[in-house]
Amino acid sequence: MKFCTVKQYFDDENNNNVTNGIATTVIPLPNKHLKIKANNKEMEQYEQELLRNVMPQELTKLILAANYLNFKEALDFFCRTVANAIQNKSVDYVRKFFGLESDFEPGEEEKLCKEFAWSFEGVDED
Amino acid sequence: MDYVNGQMSMRKANLIGDKKASFLRLVEERALSKEEKKKLQDSLVPYIPKDCISNILPRLPVESLQRSRFVCKPWYTIINSLKFIDDHLERSESVLIYRPDTFSVEAKLPQSESVPVLGQPNLNPTLKYYITFLEINNGRSKIGEYSVSCTGHIRAACNGLILLENKLKKGGFIVVNPVTRKLISLPMGTLCPADKESYGFAFCTFTGEYKVVHLFQDELRYIGYEILNLGTRVWRAVNGPFGLLRWLGCLPVLAIGALHWVPNIDSSDYLSILKGLGELWTKQLSIKTGCILDVVPLYSLRIKGDLVFKRDEDGSFYAYDFQLQVMRKIEIEKERLKMSGMYHPHVNSLISRSSRERSQDVFY
């Protein structure tokens, strides 16, 4: 049941969503999960190992892959990691991370920033 | 003829050669541009669908969430949406809030300029306290402070909203969410001595409204009950069980959709509990407790389920982990914990006073 999407992925050759590098990271995860189901700490260690070689920017691709493959545990794990990576960072950093542009009108953004000025204290350096 | 043919064939050959060359060139160019395109695509961040964003955002701490509103308009809409706020509340772990003994004295009203109230000179400058919270996680604790000050005691807290006494001229109560800093003021209930009354604050899922419940004992020692809806801000009296309570010094506990008061704490093993919210009050329940530990339960962590206890002897905290079935002592910086008054369970959320009220500034 976890692999119906994977089968579809292999059948569907023109797939832009999941590149090869990403696939090799995501697909071994279900097996590992089954093997160390009971032991949370081991799973954590394995996850840390996995992520050591991954750039923060690649995380977004990992999320897309896990989403496309319908693989909930991996998706939750990658989302958790992204949340840790962007927490306490500035708004610009978050925009660059996700490749987003501000679509606020200049006046609107200023007004909002003034209203919530206190929420910009204590931000990490980029 | 041959020569001409030859020339022609040479020209043809040249032409063909040229065509081949240009064809080759075309193929090369296309290959290059594909490579460039691929490089560009690789460096571009892919578009994340909305439900993935909704999976990432609730995991952020509230301070980051406040800022994340300004990333772009869709994020602004998501974070302000009621569904998101509720989801975020579901995932947020409880903390303990309290009012510490150290306070800051506001220098805004120097003695000479203070306006006498009712003919009495204003003797005390306004004392403001900063609400502090204690987070407990895996045997460790973290103490943080909200930049929200209060002049009176914390009376109750529910879903991230705190009910505070307002000791300023107007009196009454303030309901504030220290994370969003939105607040509203409420009138006081029936006046009576502090040890003969108790306030409870809860969300009634039935009506989708926040309610404040006030139990008080009058001179004839009868118990009066009154309720205030946060929407209407008006107190109204309700009927409750007659003559059950002897002591109202304890705080009510919110569980299973109702507020529970413990009216009698005596040497017996039985705790009688008075339970109600709104117009319906059930009869008292009795449960048997085995008093082995000399610790008092304070609250349970809403997500993890650990039960947090306090030991009155030395003021230390313990947490019982149901999964590992072990009771752990919590490391706390003792100096920061000096306080008068009670601890209240609380949660950091983005809730505003009425769950039905939509935020006015939502961008589409």
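Reply: In this predicted model, E9(B) and strand E10 (residues 209–217) of chain B pair in the antiparallel sense over eight bridges. Residues are numbered from 1 along each chain as its sequence is written, and chains are lettered from A in the order in which they are written. Because the model is predicted, local features need pLDDT of at least 70 and side-chain atom pairs count only at pLDDT 80 or more, while totals for chains, interfaces and linings use all residues, and side-chain values use heavy atoms, with hydrogens and water left out.

Me: Why are E9(B) and E10(B) called paired?

Reply: Two strands pair if DSSP finds at least two bridges between them, strands themselves being DSSP runs (E, at least two residues), just as helices are runs of H or I with at least four residues, both numbered from the N terminus. E9(B) and E10(B) have eight bridges, so they meet the rule. One of the bridges links Gly200(B) to Val213(B) in E10(B).

Me: What makes strand E9 and strand E12 of chain B edge strands?

Reply: The open sheet runs in the order E9-E10-E11-E12 in chain B, with antiparallel pairing, and strand E9 (197–204) and strand E12 (235–238) each pair on one side only. From one strand to the next, the twist averages 25°.

Me: How do you know that strand E7 and E8 of chain B pair?

Reply: Strand E7 (residues 173–177) of chain B and E8(B) share five bridges in the antiparallel sense, and since the rule asks for at least two, they count as paired. Asn177(B) has Lys182(B) in E8(B) as its bridge partner.

Me: Why is the link between Asp92(A) and Arg95(A) called a salt bridge?

Reply: A salt bridge is a side-chain nitrogen of Lys or Arg within 4 Å of a carboxyl oxygen of Asp or Glu. The N to O value for Asp92(A) and Arg95(A) is 3.3 Å, so the pair qualifies. Both residues lie in helix H7 of chain A, three residues apart, about one turn of the helix.

Me: How do you know that Glu105(A) and Lys73(B) also form one?

Reply: Their closest N and O atoms are 3.9 Å apart, which is within the limit, so this pair is a salt bridge too.

Me: What makes up the contact between chain B and chain A?

Reply: With contact meaning heavy atoms within 4.5 Å, the interface takes 29 residues from chain B and 36 residues from chain A. The two chains bury about 3000 Å², 68% of it on carbon and sulfur atoms, where buried area is the accessible area (1.4 Å probe) that two parts lose on being put together, summed over both.

Me: How are helix H6 and helix H7 of chain A packed?

Reply: Helix H6 (residues 72–86) and helix H7 (residues 91–98) of chain A pack at an angle of about 145°, with their axes 10 Å apart, the axes being lines fitted to C-alpha atoms over the stretch in contact and the angles running from 0 to 180 degrees between N-to-C directions. Among the residues making this contact are Val82(A) of H6(A) and Tyr93(A) of H7(A).
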